[in-house]
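Thanks for making the time this morning.

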2 protein chains.
Amino acid sequence: MLSNIVKEKLISIVTKENFADSKTERLVYSYDATPNFQSMPDAVVAPSNTAEVSEILKLCNEYNVPIVPRGSGTNLCAGTCPTEGGVVLLFKHMNKIIEIDEDNLTITVQPGVITLDMIHAIEEKGLFYPPDPSSMKISTIGGNINENSGGLRGLKYGVTRDYVIGLEAVLPNGDIIRTGGKLAKDVAGYDLTRLFVGSEGTLVVITEATLKLIPMPETRKTMLALYQDLGAAAKSVSKIIANKIIPTTLEFLDQPTLKVVEDFAQIGLPTNVQAVLLIEQDGPLEVVERDMKKIAEVCKAEHAVSIQVAATEEEADALRTARRAALSAVARLKPTTILEDATVPRSEIANMVQAINDITEKYHLTICTFGHAGDGNLHPTCATDARNHEEMERVEKAFAEIFEKAIELGGTITGEHGVGAMKAPYLEWKLKAEGIAAMKAIKQAFDPNNIMNPGKVFAKDSKKRVVITR
Amino acid sequence: MLSNIVKEKLISIVTKENFADSKTERLVYSYDATPNFQSMPDAVVAPSNTAEVSEILKLCNEYNVPIVPRGSGTNLCAGTCPTEGGVVLLFKHMNKIIEIDEDNLTITVQPGVITLDMIHAIEEKGLFYPPDPSSMKISTIGGNINENSGGLRGLKYGVTRDYVIGLEAVLPNGDIIRTGGKLAKDVAGYDLTRLFVGSEGTLVVITEATLKLIPMPETRKTMLALYQDLGAAAKSVSKIIANKIIPTTLEFLDQPTLKVVEDFAQIGLPTNVQAVLLIEQDGPLEVVERDMKKIAEVCKAEHAVSIQVAATEEEADALRTARRAALSAVARLKPTTILEDATVPRSEIANMVQAINDITEKYHLTICTFGHAGDGNLHPTCATDARNHEEMERVEKAFAEIFEKAIELGGTITGEHGVGAMKAPYLEWKLKAEGIAAMKAIKQAFDPNNIMNPGKVFAKDSKKRVVITR
């Protein structure tokens with residue numbers, strides 16, 4: 001609980017209307033989109049500007065009060081669950097688009113802007129901001145930056161990190177710093193911009209961001225390729241890229257996912273095939289047409305049983321919506337949905353999908369797998385019930401084996417969801433003790449009192465690794 | 001000077017052949033491509049593998065011996081000048097291309113590989129590594145990574161940082177860590193990969209890198225647009241991009257540069273115009289042709305006096321070579337050549353060029369300006385004589401005013417050359433005391449004994465800022 005003096009000082013910074021500590025209000029911010037994680041904050045505070053954020057951080061640093069910066073809480077790694085209590089920082093008043101600069105192709109925003117609102121404002125100018133996390137309808141750009149969010153267009157266009165070129169950030173000691181700028185190139189010192197992107201609120205509070213924009217592609221085409229063989233679908237992914245075509249989107253859905261999505265969305269998806277690739281290309285019309293033709297040839301050569309090109313933008317949109325709805329669709333199966341994020345080199349997709357299937361069978365679970373196949377970024381998603389402790393133990397074992405396998409294949413424990421509280425115990429599997437120590441040294445340098453989103457990224461203990469016997 | 005015990009231990013790590021401390025050998029590594037900086041190292045050491053690098057760092061950390069990792073020393077910020085003595089680390093034995101992975105579109109290399117050798121090996125596979133620093137014929141990829149090198153294709157394709165996806169690095173304490181991997185997406189903890197890129201050898205020694213490759217563009221076209229008005233040339237740059245075309249290359253050369261380059265290279269460059277834009281576009285043929293046509297229209301509308309499209313690849317190559325030769329050409333004018341790197345938002349190019357001209361006149365200097373106009377990254381290059389102390393004082397004042405102006409226009413003190421020893425006194429102008437403090441905290445966290453390339457990035461004192469009166 002906050003001491004009276006901290007409470008009073010917080011109120012004097014943000015005014016009474018922007019401070020809340022009733023049980024109801026705290027309950028609302030006690031969890032995020034991650035199942036099975038809940039913890040009560042001591043208060044919820046909504047600053048109106050950077051100066052107030054600076055005052056809040058100085059105060060919390062002095063009194064050792066944890067700070068949890070929070071956008072819309074759509075993350076899937078318990079990154080904004082206030083695991084150690086403290087103050088949840090909301091950005092509902094810092095939600096302005098400050099400027100769209102059409103000469104320099106940049107947008108400058110406050111962290112609380114809803115991602116899709118920002119994208120609409122950008123598209124009105126004929127410009128393009130490619131990162132499109134599935135939660136973009138409700139996520140904030142501040143949350144996207146803190147998590148380095150990915151999306152369906154990462155293969156060709158990269159992720160949030162690749163578009164952040166300048167930041168204003170507040171350090172735990174209250175210092176306000178600016179990194180980068182409206183600059184295509186800047187090597188004045190260490191790359192703090194990219195260090196802060198994806199740092200999950202554990203180093204600084206981001207109060208403003210300048211993002212790079214690009215011209216809107218002229219056209220876009222969407223295709224579905226259907227497979228009776230998982231391996232063939234995975235092989236098509238590698239083959240398309242080895243043929244020197246980088247599609248905008250190269251998504252994979254397995255049969256269990258197809259069934260639940262079709263049941264949910266009723267858009268006529270085929271449910272009698274083993275796997276589907278959703279492929280999109282954008283760019284100048286003649287290039288898109290040529291690429292789509294080549295992609296279709298590759299898929300046919302790799303034994304796709306059917307290839308369907310969306311005839312209209314409505315049809316294409318329905319397909320994309322189906323893919324975006326995958327999580328919601330799986331969530332209808334059982335009370336608890338755990339969506340994971342194992343990522344491997346693209347060439348190992350077939351092996352990874354096979355391993356997920358074997359592990360699912362071994363532990364008698366319901367796991368639907370879909371994801372960004374072109375990025376090697378798969379989302380095995382388990383429909384389960386947190387109240388069934390016996391099953392949850394099996395779920396945990398299964399996911400541990402999935403992470404183990406991803407790392408064995410040269411991959412990582414998280415491609416786009418972040419570490420948060422959920423993956424923290426597994427981080428050492430990827431980084432080894434020395435890598436964790438290097439990251440902890442940075443954390444300690446910025447935040448010696450560990451007030452910034454404590455309990456995230458770094459775990460008290462690492463999970464023991466499974467010994468794989470062959 | 002190294003103590004006997006350190007010398008013996010170094011020899012026992014790398015063997016006698018790979019240790020040198022004669023005056024001649026030390027002299028060779030006492031300077032880099034940056035004029036006016038020279039300082040003798042105590043020894044020069046060439047390790048053969050990562051384990052040896054680790055042993056060397058542990059030893060130097062124990063005995064507080066500075067370490068200066070060095071590629072080919074082509075940097076222009078005195079980044080590899082051993083300003084505080086110590087051991088220069090050479091990578092002549094760690095110069096292998098480990099693997100080109102055509103499925104995952106990656107190359108894995110040791111730091112000592114010559115950039116152009118690497119690019120040739122990549123191009124043989126029909127793949128493309130875009131960063132092309134002007135020194136690429138002799139620079140090493142390790143040097144490029146440490147400096148986050150740019151080049152002529154940065155506008156469309158980004159810089160070195162955008163292609164480094166995995167690193168092996170040795171920390172000052174001897175720990176060997178691995179970051180990233182052959183992964184399109186990885187958010188497992190802080191982005192150490194990008195933190196190390198551009199860290200100028202002040203944090204870690206990079207011993208292996210995995211770089212992202214892309215398919216080779218199908219075709220490329222080159223154009224010269226000539227102007228009798230500097231402002232019109234600069235305006236064309238903004239207009240092309242505001243017209244939603246991102247050319248591969250958008251280079252600017254002013255008249256003084258044109259004259260020295262033509263005098264040097266004799267390729268028929270026009271010397272009777274005030275400025276030239278060298279514009280390239282690559283991609284599918286139909287797109288390139290369409291873009292070049294639109295670009296020509298924009299340039300004409302902005303009062304280009306002539307537009308010439310290179311008829312053959314040889315002609316295009318001559319134009320590119322002329323641009324690449326700018327530094328060498330200016331260097332023939334006088335004994336000392338100081339090439340700077342002020343960078344501004346693209347929309348401010350005209351203002352920046354004007355300011356450089358005014359400052360040149362004010363201080364009666366010879367400054368040729370060329371650079372990556374599309375990136376807002378200009379290289380005002382001064383032909384002078386380091387022995388003329390009176391003139392050198394004027395040179396220093398002029399560059400200080402140029403940096404001041406760049407920052408006033410929302411720019412930075414260095415776009416692609418790095419801070420090193422040369423720009424260190426100016427870094428605070430860009431970052432303010434709070435930004436420097438944040439970076440120093442990272443330095444201290446990684447390198448508490450300050451053995452990693454000491455004297456670089458962080459200066460003992462900041463230059464006083466010029467007070468601009470209007």
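Let me start with B:Arg290 and A:Glu286, whose side chains meet in a salt bridge, with 3.8 Å from N to O. Please keep in mind throughout that this is a predicted model. Across the interface of chain A and chain B, the rule finds 12 salt bridges, and the count of residue pairs in polar contact between the two chains, with both residues at pLDDT 80 or more, is 28.

Which elements of chain A give two or more residues to the side that touches chain B? They are strand 9 (176–180), helix 7 (192–196), helix 8 (230–242), helix 10 (285–301) and helix 15 (427–446) of chain A, and the largest share of that side, 12 residues, comes from helix 15 of chain A. Sorted by class, the side of chain A that touches chain B has 34 nonpolar, 22 polar and 22 charged residues.

Turning to the extent of the interface, the contact takes 78 residues from chain A and 79 residues from chain B. The size of an interface is often given as the accessible area lost when the parts come together. Here, chain A and chain B bury about 6200 Å² between them, and 61% of that is on carbon and sulfur atoms. In chain A, the residues that lose the most area to chain B are A:Lys185, A:Val187 and A:Tyr190, which together account for 16% of what that side buries.

That brings me to the aromatic residues, where a search of the whole structure finds 14 aromatic pairs over all chains. A:Tyr190 forms an edge-to-face pair with B:Phe458, at 5.7 Å centre to centre and with 75° between the planes. This pair crosses between chains, from the loop between strand 9 and helix 7 of chain A, where A:Tyr190 lies, to the segment after helix 15 (427–446) of chain B, which holds B:Phe458. Are these two residues, A:Tyr190 and B:Phe458, buried or exposed? Both A:Tyr190 and B:Phe458 are buried.

Within chain B, the ring centres of B:Tyr129 and B:Tyr163 are 5.8 Å apart and their planes stand at 75°, so this pair is edge-to-face. It links distant parts of the chain, 34 residues apart: B:Tyr129 is in the loop between strand 7 (127–128) and helix 5 (141–147), and B:Tyr163 is in the loop between helix 6 (154–157) and strand 8 (164–170). B:Tyr129 and B:Tyr163 are buried.

Finally, in chain A, one aromatic cluster is formed by A:Phe399, A:Phe403, A:Tyr426 and A:Trp429.

Note on methods:
Residues numbered from 1 in each chain as written. Chains lettered and ligands numbered in written order. Predicted model: local features only at pLDDT ≥ 70, side-chain atom pairs only at ≥ 80, totals over all residues. Heavy atoms only, no water. Contact = heavy atoms within 4.5 Å. Buried area = accessible area lost by both parts, 1.4 Å probe. Salt bridge = Lys/Arg side-chain N within 4 Å of Asp/Glu carboxyl O. Polar contact = N/O pair within 3.5 Å; in protein donor to acceptor, adjacent residues only side chain to side chain. Helix = DSSP H or I, 4+ residues; strand = E, 2+ residues; numbered from the N terminus. Nonpolar A, V, L, I, M, F, W, Y, C, P; charged D, E, K, R; others polar. Phe/Tyr/Trp six-rings, centres within 6.5 Å; stacked < 30°, edge-to-face > 60°. Buried < 20%, exposed > 50% of the residue type's maximum accessible area, 1.4 Å probe, protein only.
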